[in-house]
Amino acid sequence: MSAGKTNSETPSQPEPLDSAPPRSGELIDADVPAIAGAPAPNPTAPDPPAANSDDQANKRRSNDTGRTLSILSRQGFRPKLFRWKRQLAQVNAFESVLMKEPDTDLRKRSLAIRYRAMAGEKLTAILPEAYALVREAGRRALAMRHYDVQIIGGIALFEGHVAEMQTGEGKTLTATLPLYLHSLTGKGAHLATVNDYLAKRDAEWMEPLFAMLGVDVGIIQTPDDQTSRRKSYSAAITYGTAKEFGFDFLRDRLLLRAQNRLQTEMLGDGGGGFGGSGDEIVMRGMHFCLVDEADSILIDEARTPLIIGSIEDNVRDQIVQTYRWASDTATQYEQEEHFTIHPDTKQIELTSRGRQKVRALPKPDLVRTMGLVDLYEYTERAIKVHREFILDRQYVVRPGDKGVDEIVIVDEFTGRLAEGRKWRDGIHQAIESKENIEISVPTGQAARITVQDLFLRYPHLAGMTGTAATSASELRRIYRTPVLRVPTNKPPQRKRMPDRVFGTMERKFEAIVKEIQEIHDTGRPILIGTRSIDKSELLSRKLDDLGIAHKVLNANNVAQEAEIVADAGGHGRVTVATNMAGRGTDIKLSDGVERLGGMHVICTELHDAARIDRQLIGRCGRQGDSGSYRQYLSLDDDILKTGLGIKKSDQLKDQGAATAGSVDRLARLFRKAQRKVERKHFRDRMVLMHHEKERKKMQREIGQDPYLDTPD
Ligand SMILES: Nc1ncnc2c1ncn2[C@@H]1O[C@H](COP(=O)(O)OP(=O)(O)OP(=O)(O)O)[C@@H](O)[C@H]1O
């Protein structure tokens, strides 16, 4: 969209979706048989009459089926429309019957369809009754009746799509539909979220709905022991994080291998069973997984390897001392004289004078016994870390569980602390030595799986997200999950204000503060998104100087998160946040704010991926509320360096320093830089995927287990 005009938002279209078959094997038949016990489906049947005033209120809020389907048809979904329309009508027809039945009958029906599913009846045939049951249980147990758009979203999820639903449109409730339907087979349905908190919150929130249908729910939390994990996995539906699902898969696999070995050994002397430790695996297979925040987990996290470590390295002391030595000497090396930086890969390489210096510098005894090639590598890494990794941007230092300080990564995409995640290739340890804290010497790998591999193992996979359209082709290519943009329940009212571009960050921040002051005077709440913790704090100081009361939400003050978010939509509130405010945060407007124009969002910089910007923007104009947003940019922004290269970005920076006013016409340059970064990340992911595939193929050929026999 071009700058210079105030527009209603028109997000870019997702890929045409009918070109790739959905992943799920259970595609819906064109001829769904009529279902016993339900009135004959009538494709044009209106929604059933509302039972009470609550329901009437829900119905008023609900979209009419016609609007939903006409929006979908504009997305190029025609071939599926006929089927969905009929299924929606069938769900509605069932609903009018179910509404008259007592709770006990709902449970009996639920049991009956479970038997049918277990007996092998196709889930597609059971879908209308199952979805109507879930809708009715939602209405009774949670006072939330699934809107038509949510039913459509639920059908798409069942068919293996990634459903893009705008913020606040009710992904949590929509998820109950495919989770329930898949759980009927008795093979378990998983919901993967990004953190423990969301897994617990969503499971506990939806639990009364499932309980009404006689379905139990398990929750996996990081500290859980094996026994409680096993219990949670034995539930019909299990909520947990992608990370925990991955680690449980690996631990089970290690255990199975150990047991197999034991069994083989015992067979020789007539023994049976694996008595030994008495351990048992915790998972009971992988059948269906619904991934929440699908773009974050399936794309941003795709490359993250989940690793279970083996025994400690016996050369630990030597490694620790070498990290320390390299870090202590890193600042003595000069660019060009001692090292060069590759313009594209940003790789640091010592020159011959640099290597000479490595050899000449005094070293402790243990370091001297290290091979020279290793010493060069340690030094290059230490130089890189000193130049590129900045405290309170990419990471924070925080007191750890055992009373020792630890480095915690700040996730570029979520703004949150990425608990337990570590940089690879010694970078994490080099940062630990830079910050002079205990060095966590890497252990050997016992088992390893990437997030991508993990989810590709599920025969039925689906996802939900607020922002998938920009990743549609990647999701389809890697996971075979087409993207469906689910229309909002009410038409969106979000306004885009023209982009503003300044020469320097300083001038940009001045203009931002001015805009905050002006809008703040009208009483509208404002949310300002920054790319890093230090910038959120810089802006906060500027607001302090002007006496504008505000709250700061970043990874340093997670404890007050719920309180800050609950308040952010209030009259006159100003909230400065990293992209932590970007997901899972439902900002509700307080009374009267809607009339003033709703919330205003200010984006202070572009992120590496456009969808992260969209997440922040999505905080305003929620559920048909009014709202507005504006993007601010400056010629010294990081995105220009990462997207256009150092030379070009340095030129622009110089140009910016000499520019007094705004240069809004340059906005297009920033989007171009962002697209370049996105393409580069995409290529990296594809290369990784190719290598991983080749490695696994080769390992299988020589009889190895690609998850357990992993090279470091
Ligand atoms: N069918 C419904 N009837 C009534 N209220 C609903 C319905 N669906 C969702 N809601 C309400 O909408 C709000 C947002 O729901 P939810 O948090 O699941 O949204 P979300 O799509 O996950 O948003 P986010 O992108 O912020 O995570 C909740 O307060 C929920 O109660």
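Predicted model: local features only at pLDDT ≥ 70, side-chain atom pairs only at ≥ 80, totals over all residues.
Contacts between residues 24 or more positions apart make up 76% of those in the chain that have a separation of 6 or more, where two residues are taken to be in contact if their C-beta atoms, placed from the backbone, lie within 7 Å. Residues are numbered from 1 along each chain as its sequence is written.

The chain has 26 helices and 21 strands, and these are DSSP runs numbered from the N terminus, with helices (H or I) of at least four residues and strands (E) of at least two. Of its 712 residues, 46% count as buried; a residue is buried if 20 or more other C-beta atoms lie within 10 Å of its own, exposed if 12 or fewer, and partly exposed in between, again with C-beta atoms placed from the backbone.

Let me turn to helix H15. This helix covers residues 372-388, and its 17 residues should span 24 Å at 1.5 Å a residue, which agrees with the 24 Å between its end C-alpha atoms; the expected span is 1.5 Å times one less than the number of residues. Which residues of H15 are buried? They are Leu375, Tyr378, Thr379, Glu380, Arg381, Ala382, Ile383 and Val385, and what covers them includes helix H12 (316-329), strand E8 (339-341), strand E9 (348-350), helix H13 (352-360) and helix H16 (427-434).

One of those covering elements, H13, has an axis that comes within 10 Å of the axis of H15, and the two cross at roughly 110 degrees. The axes here are lines fitted to C-alpha atoms, for helices over the stretch in contact, and the angles run from 0 to 180 degrees between N-to-C directions. H13 and H15 are therefore roughly perpendicular to each other, on a scale where angles under 35 degrees count as roughly parallel, over 145 as roughly antiparallel, 65 to 115 as roughly perpendicular and the rest as oblique. On the H13 side the contact is made by Arg355, Val358 and Arg359, and on the H15 side by Leu372, Leu375, Tyr376 and Thr379. By class, this contact has 4 nonpolar, 1 polar and 2 charged residues, with Ala, Val, Leu, Ile, Met, Phe, Trp, Tyr, Cys and Pro counted as nonpolar, Asp, Glu, Lys and Arg as charged, and the others, Gly among them, as polar.

Met370 lies in the loop between helix H14 (365-368) and H15, and with 19 C-beta neighbours inside 10 Å it counts as partly exposed. Leaving aside residues up to four places away in sequence, Met370 touches Gln318, Thr322 and Leu375. The C-alpha atoms of Met370 and Ile319 are separated by 8.6 Å, although these residues are 51 apart along the chain.

In the loop that runs between H12 and E8 sits Glu336, which has a positive phi of about 75 degrees although it is not a glycine. Is Glu336 buried or exposed? With 10 C-beta neighbours inside 10 Å, Glu336 counts as exposed. Arg480, also not a glycine, has a positive phi of about 55 degrees; it is placed in the loop between helix H18 (472-479) and strand E14 (483-485), and with 15 C-beta neighbours inside 10 Å it counts as partly exposed.

Finally, consider Ala673, in helix H26 (residues 667-701), which counts as buried with 24 C-beta neighbours inside 10 Å. Not counting residues up to four places away in sequence, Ala673 touches Ile639, Leu640, Gly643 and Leu644. Ala673 and Asp608 are 65 residues apart in sequence, and their C-alpha atoms are 8.9 Å apart in space.
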